Amino acid sequence: RRPTAPLSREASRDRGDLAQGGAAPASAHRLPEEPSMSPTEELSAQVDKVAQSFIKQYYKMLSSQPDELFRFYNEHSSFTHSEGPQNVGRAVSGVESIKRRVEELNFAGARVDISSGSVDAQTSANDGVFLMVTGTFAYNGGSPQPFVQTFFLASQPGKKARSYFVMNSVFRMLEVGPAAAPNPAPPAAAAAAAGGAGLGAAAGPTSSMRNTEFMTK
């Protein structure tokens with residue numbers, strides 16, 4: 001019978017643990033590490049969260065408490081609301097002027113739907129956030145119309161929580177004209193479109209950031 005080589009102290013302990021139903025060595029359970037995001041990816045994710053949280057708060061207040069909408073702005077802010085392609089928007093600046101303009105627009109009960117629209121955001125100057133929103137807007141009792149709105153959220157320094165105010169907002173309601181005939185798609189693109197025809201529309205944004213403040217005090 002061939003003699004066996006003696007086990008080291010560590011190997012003996014591991015064999016004893018397994019024989020008694022104990023855990024295997026830690027190295028046997030080590031999971032592969034997930035790749036970490038680059039600084040650019042982390043910044044992009046953070047900006048997207050700020051944008052999603054802001055629009056959720058902003059449009060909810062626009063519909064339910066439009067008389068409080070001015071709290072998103074301050075004395076350095078500008079606000080423009082236009083309807084139709086030929087209407088030149090009148091910009092107003094400062095909290096009181098914005099408050100009066102919002103009262104004139106009678107937003108109470110308005111419906112904003114961005115589930116079939118889009119939200120695009122970028123980081124901007126001095127840690128600000130630039131974003132563009134598309135969707136449909138309907139006054140209380142009115143028919144939905146497509147709209148586009150852009151915001152610049154300026155960072156408010158000197159506060160413990162991340163804080164922004166709306167420096168600029170430009171809203172334009174778009175007119176719905178006759179649909180133009182689409183250009184014929186190449187065969188490959190047509191086949192891909194047919195394969196995805198049963199996909200449903202994407203849901204609207206629902207994320208929020210509890211530690212992000214947008215309204216001025």
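Tutor: Start with N106, in the loop between α3 (95–105) and β3. Keep in mind that this is a predicted model.

Student: What makes the phi of N106 worth a remark?

Tutor: Its phi is positive, about 55°, and N106 is not a glycine. Most residues other than glycine have a negative phi.

Student: Which class does D127 get, buried or exposed, and what makes it so?

Tutor: D127 has a relative accessible area of 60%. The cut-off for exposed is over 50%, so the class follows. D127 is exposed.

Student: Where is D127 found, and what is its phi?

Tutor: D127 is in the loop between β3 and β4. Its phi is near 65°, again positive in a residue other than glycine.

Student: How do you know that β3 and β4 pair?

Tutor: Count the bridges. Nine join β3 to β4 (residues 129–138). Pairing needs at least two, so these strands pair. They run antiparallel.

Student: Where does T134 lie, and which residues does it touch?

Tutor: T134 lies in strand β4. Leaving aside residues up to four places away in sequence, it touches I114, G117, S118, F147 and V148. Contact means heavy atoms within 4.5 Å.

Student: How far apart are the C-alpha atoms of T134 and G117?

Tutor: They are separated by 4.9 Å. Along the chain, T134 and G117 are 17 residues apart.

Student: What makes β4 and β5 a pair?

Tutor: Nine bridges join β4 to β5 (residues 145–155), in the antiparallel sense. The rule asks for at least two bridges, so β4 and β5 pair. F130 has F152 of β5 as its bridge partner. T136 stands opposite P146 in β5.

Student: How many residues separate β4 and β5, and what is the phi of G141?

Tutor: Six residues lie between β4 and β5, which form a hairpin. G141, in the turn, has a positive phi of about 85°.

Student: What about β5 and β6? How many bridges pair them?

Tutor: Nine bridges pair β5 with β6 (residues 162–173), and the sense is antiparallel. L153 has V166 of β6 as its bridge partner.

Student: What makes a space a cavity, and which residues line the largest one?

Tutor: In a cavity a 1.4 Å probe fits but cannot get out. Y58, L62, F79, H81, F107, F137, Q149 and F171 line the largest cavity. α2 and β1 (78–83) each supply at least two of the lining residues.

Student: How does the lining of the largest cavity divide by class?

Tutor: Six residues are nonpolar, two are polar and none is charged. Phe, Leu and Tyr count as nonpolar.

Student: How much space lies in the largest pocket, and what makes it a pocket?

Tutor: About 160 Å³ of space lies there. A pocket is an open set of points, whereas the probe cannot get out of a cavity.

Student: Which residues lie nearest the centre of the largest pocket?

Tutor: I55, K56, Y59, V112 and I114, out of eleven lining residues. The elements that give two or more residues to the lining are α2 (39–64) and β3 (111–123). The largest share, five residues, comes from α2.

Student: What is the class make-up of the lining of the largest pocket?

Tutor: Six nonpolar, two polar and three charged residues.

Student: Step back to the chain. How many helices and strands does it have?

Tutor: Four helices and seven strands. From the N terminus, the order is α-α-β-β-α-β-β-β-β-α-β.

Student: What share of the chain counts as buried?

Tutor: 26% of its 217 residues. Buried means under 20% relative accessible area.

Student: What share of the contacts with a separation of 6 or more joins residues 24 or more positions apart?

Tutor: 58% of them.

Student: What is the accessible surface of the chain?

Tutor: About 14600 Å², with 53% belonging to carbon and sulfur atoms.

Notes. Residues numbered from 1 in each chain as written. Predicted model: local features only at pLDDT ≥ 70, side-chain atom pairs only at ≥ 80, totals over all residues. Heavy atoms only, no water. 1 Å grid on protein atoms, 1.4 Å probe; cavity = no way out; pocket = protein on both sides within 12 Å on 5 of 7 lines; lining within 4 Å. Points joined across faces, edges and corners; volume = space filled by probe spheres on them. Buried < 20%, exposed > 50% of the residue type's maximum accessible area, 1.4 Å probe, protein only. Areas by Shrake-Rupley, 256 points an atom, 1.4 Å probe, with all protein chains shown as cover.
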